[in-house]
Amino acid sequence: MPRCAGAPRRPWRSTFKCMSELARQIDLYLHELTREGNSAHTIDAYSSDLRQFLEYLSPPDLAPPEPAAIDLLTVREWLAFLYGQELDAVSIRRKLAAVRSLFRFMGREGVVPVNVARLVRTPKAPKKLPEVMTAEQVNTLIDGVAADKFDRPFPLRDRALFELLYGCGLRISELVGLNLEDIDRSGHWLRVRGKGRKERQVPIPKQAAAALERYLGERHVVREETAVFLNFLGKRLGVRGVSKIVKLYATLLSGDPSVHPHGFRHAYATHLLADGADLRAIQELLGHARLSTTQKYTQVSLTNLMAVYDKAHPKA
């Protein structure tokens, strides 16, 4: 039955006068994600996917079914609808994962007897190797940032930002989540909070450490703001802000607006592997839960080696 009172504030406007039970459960689940400390990016993504699932189950002027009434056939029909929208397999996998997580939550709360979304086969995603910048491309870009030719308001911050992205292989969420207390300035270590609130220690290379020290020397002291990287308002620099900075410099220096912060993480892992670093050590540095996630970089390295062979070997 739809509920009108006592429901938590929802991240979207309901099309019903009263909130349906499914909408209420989605709200409760999103609040649970927030309470557990998941990133705003993760919560926004889950909110969007679950809102679309709710809308699919809400025909005009009708409330969606009760959670316990959603069966395997309903979930399969929803997947068929997604395929009909010509979404790629990666997007469908993400949306299915969000619905599975919702049903797992409702199962724990005793709202549904079984997680029907787990009974659906996960679509296979094509194995796509990440495009990786060469060491020369990365160094040229970072050196261009260091040259400070574009009259940017915070050049030392921008330099430190690029150095940590590449020198430490950080995810963008990990970079913006850094606090001053996470830096061991004497030992040159970073405490990084990765996915699932897992913490790891990452060494800071000399150039990155030097760039970070120069930036911290000029960073404005803002009361009660512990973030390492600040925006022009003196607040924590966000994911969108970092993405814009990277895109701006990449466009100005290399004419390539497609460069994104995660590309430096790919380059970090690939270049370490190419120079002989142990795969399990790279796994620890990247904070991957599974070695198989790190192993994709071996394929990137082999692809690069073959390209060099084909270009340079007389018998290629």
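This is a predicted model: local features need pLDDT of at least 70, side-chain atom pairs count only at pLDDT 80 or more; totals for chains, interfaces and linings use all residues.
**Notebook: helix packing, a pocket and a cavity**

**Entry 1: α5 with α6**

I noted that α5 covers residues 135-147 and α6 covers residues 155-168. Their axes lie 8 Å apart, and the two helices pack at an angle of about 160°. Angles over 145 degrees count as roughly antiparallel, and α5 and α6 are therefore described as roughly antiparallel to each other. I then looked up the residues in contact. From α5 they are Val138, Leu141, Ile142, Val145 and Ala146. From α6 they are Asp158, Arg159, Phe162, Glu163 and Tyr166. Sorted by class, this contact has 7 nonpolar and 3 charged residues, with no polar ones.

**Entry 2: α2 with α4**

I turned next to helix α2 (residues 40-56) and helix α4 (residues 89-108). How far apart are their axes, and at what angle do they pack? The axes are 9 Å apart, and the angle is about 85°. Since angles of 65 to 115 degrees count as roughly perpendicular, α2 and α4 are therefore roughly perpendicular to each other. On the α2 side I listed Tyr46, Asp49, Leu50, Gln52 and Phe53. On the α4 side I listed Arg94, Lys95, Ala98, Val99, Ser101, Leu102 and Phe103. The residues of this contact divide into 7 nonpolar, 2 polar and 3 charged.

**Entry 3: the second largest pocket**

I returned to α5 here, as this helix gives the largest share of the lining of the second largest pocket, namely 3 residues. The pocket holds about 400 Å³ of space. Its lining consists of 15 residues, and I marked Met133, Gln137, Asp256, Ser258 and Val259 as those nearest its centre. The elements that give two or more residues to this lining are α5, α9 (239-254) and α10 (261-274). By class I recorded 6 nonpolar, 7 polar and 2 charged residues in the lining.

**Entry 4: the largest cavity**

How many cavities of 30 Å³ or more are counted? The count comes to 1. I noted a volume of about 30 Å³ for the largest cavity. Which residues line the largest cavity? They are Ile183, Arg185, His188, Ile204, Ala209, Leu212 and Glu213. Helix α8 (residues 206-218) gives the largest share of this lining, with 3 residues. I sorted the lining by class and recorded 4 nonpolar, 1 polar and 2 charged residues.

Key
Residues are numbered from 1 along each chain as its sequence is written. Side-chain values use heavy atoms; hydrogens and water are left out. Axes are lines fitted to C-alpha atoms, for helices over the stretch in contact, and angles run from 0 to 180 degrees between N-to-C directions. Helices (H or I, at least four residues) and strands (E, at least two) are DSSP runs, numbered from the N terminus. Angles under 35 degrees count as roughly parallel, over 145 as roughly antiparallel, 65 to 115 as roughly perpendicular and the rest as oblique. Contact means heavy atoms within 4.5 Å. Ala, Val, Leu, Ile, Met, Phe, Trp, Tyr, Cys and Pro count as nonpolar, Asp, Glu, Lys and Arg as charged, and the others, Gly among them, as polar. On a 1 Å grid over the protein atoms alone, a cavity is a set of points where a 1.4 Å probe fits but cannot get out, and a pocket is an open set with protein on both sides within 12 Å along at least five of seven lines; lining residues have an atom within 4 Å of a point. Grid points are joined across faces, edges and corners, and a volume is the space filled by probe spheres set on the points.
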